[in-house]
Amino acid sequence: MSLTLSTLPTANRRALWAATFITASIILSFGWACALPLAGFAAVAALTTSRREALLLTGAVWFANQAVGFLFLHYPTDAMTLFWGGALGVIALLSCESAGLLARRFSGFAGGLAAFLAAFVVYESLVLAVTAATGPGVDHFTAPVVTQIFLINLSAFVSLLMLKAAGAAVANRDVTKAFASRPI
């Protein structure tokens, strides 16, 4: 009997993808902290899982980012930081939902692109709206800054989709043959 990852039960493959997804968010949280590309993660979650799972994954990514921030990066625990942490979680979930709506409406490359753009536009628009309502101003929402955030999200989006594709390719590969030719 040949052993492939595709012979694993579907629940195990979903759990493996969720673990990989969340691990990637933890690693990226150390580098990007509060600039974690939540829109990119939300769009990939919407494209690769069911609606419920996408929302749960997006919430888990947000939670992992917050845990890294408070436990390791020493985020302050003042009211505004806690408010923004919660706001970013809600915004990430709304971004995921918008990505999912377009992913279900369009298929293929167009659906993926629409999902990413929807997630990014919703995310940045809501961050801008909350900033305008609560912050000292929106001066940092300049074209170069938003472009940089867009590129970070796009890079994460593409990288995560490539990771998912690589996992799917490995899932269909007979892993027993890979180890059969190696001496122990």
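This is a predicted model: local features need pLDDT of at least 70, side-chain atom pairs count only at pLDDT 80 or more; totals for chains, interfaces and linings use all residues.

**Helix 2.** I began by listing the buried residues of helix 2, and found Leu38, Ala39, Gly40, Phe41, Ala42, Ala43, Val44, Ala45 and Ala46. That is 9 of the 11 residues in helix 2, so I noted it as mostly covered, taking under 20% relative accessible area as buried. Next I asked which helices the buried residues of helix 2 pack against. I wrote down helix 1, helix 3, helix 4, helix 5 and helix 6.

**Fold and confidence.** I then stepped back to the protein chain, where I counted 7 helices and 0 strands. Read along the sequence, the pattern I noted is α-α-α-α-α-α-α. Of the 184 residues in the chain, 35% are buried. I also looked at contacts with a separation of 6 or more, and 74% of them join residues 24 or more positions apart. For confidence, I have a mean pLDDT of 89 for the chain, with 89% of its residues at 70 or more. I flagged residues 178–184, where pLDDT stays under 50. For that stretch I found 1 contact beyond four places in sequence.

**The core.** Which residues touch the most other members of the largest nonpolar core? My answer is Phe21, Phe41 and Tyr123, out of 32 residues in that core. Two or more core residues come from each of helix 1 (10–32), helix 2 (38–48), helix 3 (51–71), helix 4 (79–105), helix 5 (108–134) and helix 6 (143–171). Phe41, Val44 and Ala45 were already on my page as buried residues of helix 2.

My last stop was the largest pocket, which holds about 730 Å³ of space. It is lined by 30 residues, and the closest to its centre are Cys34, Ala35, Trp84, Leu88 and Val127. I checked which elements give two or more residues to the lining, and noted helix 2, helix 3, helix 4, helix 5 and helix 6. How many lining residues are nonpolar, polar and charged? I got 18 nonpolar, 11 polar and 1 charged.

Note on methods. Residues are numbered from 1 along each chain as its sequence is written. Side-chain values use heavy atoms; hydrogens and water are left out. pLDDT is the predictor's confidence in each residue, from 0 to 100. Contact means heavy atoms within 4.5 Å. A nonpolar core is a set of buried Ala, Val, Leu, Ile, Met, Phe, Trp, Tyr and Cys residues joined through side-chain atoms within 4.5 Å. Buried means under 20% relative accessible area, exposed over 50%, partly exposed in between (1.4 Å probe, protein chains only). Helices (H or I, at least four residues) and strands (E, at least two) are DSSP runs, numbered from the N terminus. On a 1 Å grid over the protein atoms alone, a cavity is a set of points where a 1.4 Å probe fits but cannot get out, and a pocket is an open set with protein on both sides within 12 Å along at least five of seven lines; lining residues have an atom within 4 Å of a point. Grid points are joined across faces, edges and corners, and a volume is the space filled by probe spheres set on the points. Ala, Val, Leu, Ile, Met, Phe, Trp, Tyr, Cys and Pro count as nonpolar, Asp, Glu, Lys and Arg as charged, and the others, Gly among them, as polar.
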